[in-house]
Amino acid sequence: MEKKYKITEKQLTFLEEFLLRIYKDIPVKTRIELTDHLILDFEATTRNGNLSQYLSNEIAFIRKFTSTKIKLYKNLYRKETWQYFFSFFKDLNKLPHSVFGFIFFYSLSESLSNYWLWLAYMISYCVLFFLVIFYGMIHQKALKKLDEVKFLGAEIWWLFVLINFAQGLDFIDFLTQNSLLFSAIWFLTIFYSYAAYMIVKKHEKIIINKYKHLLN
Amino acid sequence: MGNQKLFKGSLQTIILKLLASNDKMYGYEITQKVKELTKGELQITEGALYPALHKLEADGLLDVEVAKVGNRMRKYYKLTESGTKETVNKLEEMQEFLKTMQQLVNPKFSLE
């Protein structure tokens, strides 16, 4: 590996402080990897030893490096949640549950008044929501800042936002008066939340096993 | 470099293969190794390498290890058990692909 320049202790401290100042929330392992890469690349490419100039040129890469790492897990969990959700239609063992679930929601949508229907919907969603929050999320302080943990369980939040959005726009009456549409939304909310819960449980085991050394 | 586009889809296979032959490696080392093995013909850019490494890590194919090197820390990647199996699959897929491509671009030539 070609090396023309050796970074000084002062520059190393400057680099670490620079990354901490600008990206204080990036997890330790990500920062270690980024710092190491920047040092090696700087040492191999610099002609005048000017670290500030090098960092200015590399700022786009640094931004991309930190953001893609976090987005990666977010996208991975979203993809897995949707895959689990679609398995309710594809998997023959789960299909009867899906059919029963939809019929159940539809019959409630047909029989309950708008007020009780919305209340039943909210209660059913809240049960799953709190199940994820209290039993699914990783609460250990030592693990909370890990990339894998930051977005674990986050899939449940967009449904929460969706419900609040419907409330905020006085959209509820329109929804509750359309039984079929409301049943479809109810089905999506409950089954997607359940899928999110299952993905959280799956990854919780993997993460705790992988990072058990941090918990001792 | 004209052939950069051609190897873009093979990046994960290249990383897995290098790690299978080198036990553990760090990101910058991988870029340099590819450059060295291909005599500068192929160059993995940092913008392509790290997302690929992180994706493999997230998929459980790579494990990471942090070690102290001189006055700083370094993050190493190594294959997990499923990563080792996936390397074999990916390399087989690659061989098949190369064979098919040979048949397409040069029907008389055979890799065997």
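Predicted model: local features only at pLDDT ≥ 70, side-chain atom pairs only at ≥ 80, totals over all residues.
The contact between the two chains involves 23 residues of chain B and 23 residues of chain A. Together the chains bury about 2,300 Å², of which 57% lies on carbon and sulfur atoms. On the side of chain B, the residues that lose the most area to chain A are Tyr28(B), Glu46(B) and Arg72(B), which together account for 29% of what that side buries.

Polar interactions also cross this interface. Nine residue pairs are in polar contact between chain B and chain A, with both members of each pair at pLDDT 80 or more. The elements of chain B that contribute two or more residues to the side touching chain A are α3 (27-37), α4 (46-58), β2 (62-69) and β3 (72-79). Of the residues on this side, the largest share, eight residues, is supplied by α4(B). Sorted by class, the side of chain B that touches chain A comprises nine nonpolar, four polar and 10 charged residues.

Three salt bridges are found across the interface of chain B and chain A. A salt bridge also joins the side chains of Glu33(A) and Lys75(B), with an N to O distance of 3.5 Å. Within chain A, the side chains of Glu155(A) and Arg78(A) form a salt bridge at 3.0 Å, N to O. This pair links distant parts of the chain, with Glu155(A) in helix α8 (residues 155-168) and Arg78(A) in helix α3 (residues 51-90), 77 residues apart.

Helix α3 of chain A also contains Tyr84(A). The C-alpha atoms of Tyr84(A) and Ala195(A) are separated by 5.6 Å, although the two residues are 111 positions apart along the chain. When residues up to four places away in sequence are not counted, Tyr84(A) touches Lys94(A), Tyr194(A), Ala195(A), Met198(A) and Ile199(A).

The surface of chain A carries a nonpolar patch of about 610 Å². The residues that make this patch are Leu112(A), Tyr115(A), Trp116(A), Leu119(A), Ile123(A) and Val127(A). One of them, Ile123(A), is located in helix α5 of chain A, which spans residues 114-136.

Terms used:
Residues numbered from 1 in each chain as written. Chains lettered and ligands numbered in written order. Heavy atoms only, no water. Patch = residues over 30% accessible without salt bridge, like charges linked within 9 Å, V, L, I, M, F, W, Y side chains within 5 Å. Areas by Shrake-Rupley, 256 points an atom, 1.4 Å probe, with all protein chains shown as cover. Salt bridge = Lys/Arg side-chain N within 4 Å of Asp/Glu carboxyl O. Helix = DSSP H or I, 4+ residues; strand = E, 2+ residues; numbered from the N terminus. Contact = heavy atoms within 4.5 Å. Buried area = accessible area lost by both parts, 1.4 Å probe. Polar contact = N/O pair within 3.5 Å; in protein donor to acceptor, adjacent residues only side chain to side chain. Nonpolar A, V, L, I, M, F, W, Y, C, P; charged D, E, K, R; others polar.
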